[in-house]
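These are my notebook entries on a single protein chain. I record what I looked up, in the order in which I looked it up.

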Amino acid sequence: MENIDWDALRSAAAEAAQHSYSPYSKFPVGAAAFTEDGRIVSGCNVENVSYGLTLCAECGLVSALHLSGGGKIVASVATDPSGKPLAPCGRCRQLLLEAGGPDLIVDGPGGPRNILELLADPFTQEDLYDGNSE
């Protein structure tokens, strides 16, 4: 965790928030992550008049991860446009776990923490195959 430039990540997330499409909530959010190979990937929230179709910033981040070559993320943060860290919602905690694995560090209002502190007893790939393999 000591090698992570949290200021750079927060800045990238704040920049991404500037591109948010949030006409309904008026709550722009950006997310950014470092990949294991040193890239920064980012995303922003994209709302829809049918609220259930809204995409959180972390959704855009995970899409950008795969679009830019894949791999794993090692550190992540979501912020408002000023760079203030925000807590990821439950859906996004699950997305982040799959994109980064159990060692992922996520910054938020309480400071950087391991993803498993934010998402206790997560549903993982192992759960899909536990007892179901032939």
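Entry 1, helix 3 and its end. I looked up the backbone just after helix 3 and found Gly 101 with a positive phi of about 80°. The model is a predicted one, and I read this angle as a feature of that model. I then went back into the helix, which spans residues 90–100, and listed its buried residues: Cys 92, Arg 93, Leu 96, Leu 97, Ala 99 and Gly 100. They cover an arc of only 170° around the axis, so they lie on the same side of helix 3. I next asked which elements the buried residues of helix 3 pack against. I noted helix 2, strand 3 (73–79), strand 5 (105–107) and helix 4 (115–118).

I located Asn 114 in strand 6, which comprises residues 113–114. Is Asn 114 buried or exposed? Its relative accessible area is 19%, and Asn 114 is buried because the cut-off is under 20%. Leaving aside residues up to four places away in sequence, I found Asn 114 touching Pro 102, Asp 103, Leu 104 and Ile 105. I also recorded that the side chain of Asn 114 reaches the backbone nitrogen of Leu 116 at 2.6 Å.

I searched for aromatic pairs and the count came to one. Tyr 24 and Tyr 51 form the pair, edge-to-face, with 6.2 Å centre to centre and 80° between the planes. Tyr 24 sits in the loop between helix 1 (6–17) and strand 1 (30–35), and Tyr 51 in the loop between strand 2 (40–44) and helix 2 (57–67), so the pair ties together parts that are 27 residues apart in sequence. I checked the accessibility of both residues. Tyr 24 is partly exposed at 36% relative accessibility, whereas Tyr 51 is exposed at 61%.

I counted five helices and six strands in the protein. From the N terminus on, I wrote their order as α-β-β-α-β-β-α-β-β-α-α. For 134 residues, a compact globule would have a radius of gyration near 14 Å, and the 15 Å of the protein agrees with this. Along the principal axes, the C-alpha atoms fill a box of roughly 50 × 40 × 30 Å. I noted that 43% of the 134 residues count as buried. Among contacts with a separation of 6 or more, 57% join residues 24 or more positions apart. The accessible surface comes to about 7500 Å², and 54% of this surface belongs to carbon and sulfur atoms.

Definitions and conventions
Residues numbered from 1 in each chain as written. Predicted model: local features only at pLDDT ≥ 70, side-chain atom pairs only at ≥ 80, totals over all residues. Heavy atoms only, no water. Phe/Tyr/Trp six-rings, centres within 6.5 Å; stacked < 30°, edge-to-face > 60°. Helix = DSSP H or I, 4+ residues; strand = E, 2+ residues; numbered from the N terminus. Buried < 20%, exposed > 50% of the residue type's maximum accessible area, 1.4 Å probe, protein only. Polar contact = N/O pair within 3.5 Å; in protein donor to acceptor, adjacent residues only side chain to side chain. Contact = heavy atoms within 4.5 Å. Arc of directions from axis to C-beta. Rg over C-alpha atoms; globule rule 2.2 N^0.38 Å. Areas by Shrake-Rupley, 256 points an atom, 1.4 Å probe, with all protein chains shown as cover.
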